[in-house]
Amino acid sequence: MIFSLLITGAPYSSQSVATAVQFAREALQQGHTLHRVFFYADAVHTGSKLATPPQDEMHIPNEWQQLAKDNDLDLVVCIAAAVRRGVLDEGEAKRHEKPAGNLQDNYQLSGLGQLVEAAMISDRMITFAP
């Protein structure tokens, strides 16, 4: 089965992002395909390089990054929600005259068209909300 995930909760103020990464890992282990993970609303903070949780807590952005690297996943951060919340790639940082971008490797900024395309291609779109 082909899944895509829509995540809307902030990584450290709701359980949605951590639950989604566990779901993704389990689905891949069971042989399913994960077409795309789309981070929307406060979930865009998952794509920030600047997240620094305590060492004894799960580093959710790094968990997603490693899962993406190991499985060639498409991690998309909603560009409008991200820019509004200060999560920028180098191109958006220049465009908005900010000193640096902070988007993690293996994540990309894109629009809602990517979410619509994911829903069309996937057998199931699963939403993880706070």
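Biologist: How many bridges join strand β1 to strand β2?

Modeller: Six bridges join β1 (residues 2–7) to β2 (residues 33–39), and the two run parallel. Strands are DSSP runs of E with at least two residues, helices runs of H or I with at least four, numbered from the N terminus; two strands pair if DSSP finds at least two bridges between them. This is a predicted model, in which local features need pLDDT of at least 70 and side-chain atom pairs pLDDT 80 or more, while totals for chains, interfaces and linings use all residues. Residues are numbered from 1 along each chain as its sequence is written, and side-chain values use heavy atoms, without hydrogens and water.

Biologist: Which residue in β2 stands opposite Ser 4?

Modeller: Arg 36 stands opposite Ser 4.

Biologist: What is the strand order of the open sheet?

Modeller: The five strands follow the order β4-β3-β2-β1-β5, with parallel pairing. β4 (107–110) and β5 (124–128) each have a single partner strand, so one side of each lacks a neighbour in the sheet.

Biologist: Turning to Gln 65, is this residue buried or exposed?

Modeller: Gln 65 counts as buried because its relative accessibility is 16%; buried means under 20% relative accessible area, exposed over 50%, and partly exposed in between, with a 1.4 Å probe and protein chains only. Gln 65 lies in helix α2 (residues 60–71).

Biologist: What is Gln 65 in contact with?

Modeller: Beyond neighbours within four places in sequence, Gln 65 contacts Leu 75, Gln 104, Asp 105, Asn 106 and Tyr 107, where contact means heavy atoms within 4.5 Å.

Biologist: And what do the buried residues of α1 pack against?

Modeller: They pack against β1, β2, α2 and β5.
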